[in-house]
Amino acid sequence: MHLSSLTLTWVQQHVYLGTFLFMAMESSILPVPSELVIPPAAYLATRSGGGVGMVILVGTLGSWFGSAVMYWLSRGLGRVFIVTFGKYVMVSEEKLERAEHWLHRYEAGGIFFARLLPVIRHLISIPAGIVRMNFAMFSAMTVAGAAVWCTVLAFYGKHVLGGYARLHPDWTQNPQGLLDFIKSQSHLLILGVLALCVLYFAFLKLTAKRGLAA
């Protein structure tokens, strides 16, 4: 809860810098929920006369930076080191294997869709670094996925968070209440992400069958 409070406070006081820093942390192994970064930043930027475009850009760059750091650390340290010491920073071997399986099965597209999914989003950079995935491809898919996620959250914050803020003037002091509200209103967001995933997985199966037939 302390980290959530710190996140919300920084985003409130330093909208763009806070967005960059905490989205970078969110893309590492630190448990920073992006729902407490982008929506409040977008709402605050709009209220101060700015737009959501800069929030999306800064959030995307922060996501890429945090992911790139994890990629190169994992590439340099290797799997044995990650498995041995990862448990001390909440990266269990089970979570790592899940991310590895995801990357092995869906390859470059898996990096893109991982940015839209919880748990996998925080860990996908590790197996990408371990297997020495092409960094340019990794970066392109990370930026694309992060941009989609930040755009959705930014417009969510701009159009939905205002009503909550008017009803709860102390919303910046209650990160858990804000997080609960965002999650309770995010069913359409979840359905949209699931629809994208289903379409992608269907595409993979169809192209695989064609390849086998050939």
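Contact here means heavy atoms within 4.5 Å. Before going further, a word on the model: it is predicted, so local features need pLDDT of at least 70 and side-chain atom pairs count only at pLDDT 80 or more, while totals for chains, interfaces and linings use all residues. Residues are numbered from 1 along each chain as its sequence is written, and side-chain values use heavy atoms, with hydrogens and water left out.

## The overall picture

Helices (H or I, at least four residues) and strands (E, at least two) are DSSP runs, numbered from the N terminus. Of the 214 residues, 46% count as buried. Buried means under 20% relative accessible area, exposed means over 50%, and partly exposed lies in between (1.4 Å probe, protein chains only). The protein exposes about 10,900 Å², and carbon and sulfur atoms supply 68% of that area; accessible areas come from the Shrake-Rupley method with a 1.4 Å probe, and for residues only the protein chains shown count as cover. Among contacts with a separation of 6 or more, 75% join residues 24 or more positions apart.

## The cores

Which residues touch the most other members of the largest nonpolar core? They are I38, W171 and L178, in a core of 44 residues. A nonpolar core is a set of buried Ala, Val, Leu, Ile, Met, Phe, Trp, Tyr and Cys residues joined through side-chain atoms within 4.5 Å. At least two residues of this core come from each of α1 (2-13), α2 (15-26), α3 (38-47), α4 (52-77), α6 (93-114), α9 (135-167) and α10 (175-184). Helix α9 gives the most, with nine residues. A second, separate core has six residues, including M70, I82, L96 and A99.

Helix α10 also holds I182, which is buried at a relative accessible area of 3%. Setting aside neighbours within four places in sequence, I182 is in contact with E35, P39 and Y156. I182 and P39 are 143 residues apart in sequence, yet their C-alpha atoms are 8.8 Å apart in space.

## Aromatic pairs

How many aromatic pairs does the structure hold? There are six. Rings of Phe, Tyr and Trp (its six-membered ring) pair if their centres lie within 6.5 Å; planes under 30 degrees apart count as stacked, over 60 as edge-to-face and the rest as tilted. Two of the pairs are set out here.

| Pair | Centre to centre | Angle between planes | Kind |
|---|---|---|---|
| F20 and F65 | 5.8 Å | 40° | tilted |
| Y71 and F135 | 5.1 Å | 45° | tilted |

F20 lies in helix α2 and F65 in helix α4, so their pair ties together parts that are 45 residues apart in sequence. F20 is partly exposed at 26% relative accessibility, and F65 is partly exposed at 40%. The other pair in the table links Y71 in helix α4 with F135 in helix α9, 64 residues apart. Y71 is buried, with a relative accessible area of 0%, whereas F135 is partly exposed at 23%. Y71 and F135 also belong to one aromatic cluster with W72 and F138.

## A salt bridge

The structure holds one salt bridge, defined as a side-chain nitrogen of Lys or Arg within 4 Å of a carboxyl oxygen of Asp or Glu. Its partners are R115 and E26, at 3.8 Å from N to O. R115 sits in the loop between α6 and α7 (120-123) and E26 in helix α2, so the pair ties together parts that are 89 residues apart in sequence. Are these two residues buried or exposed? Both R115 and E26 are buried.

## Helix α4 and two backbone details

Helix α4 has 26 residues and reaches 37 Å from its first C-alpha to its last, close to the 38 Å expected at 1.5 Å a residue. The expected span is 1.5 Å times one less than the number of residues. After α4 comes G78, whose phi is positive, near 90°.

R132 is a residue other than glycine with a positive phi, near 55°. R132 is placed in the loop between α8 (125-130) and α9, and R132 is exposed, with a relative accessible area of 52%.
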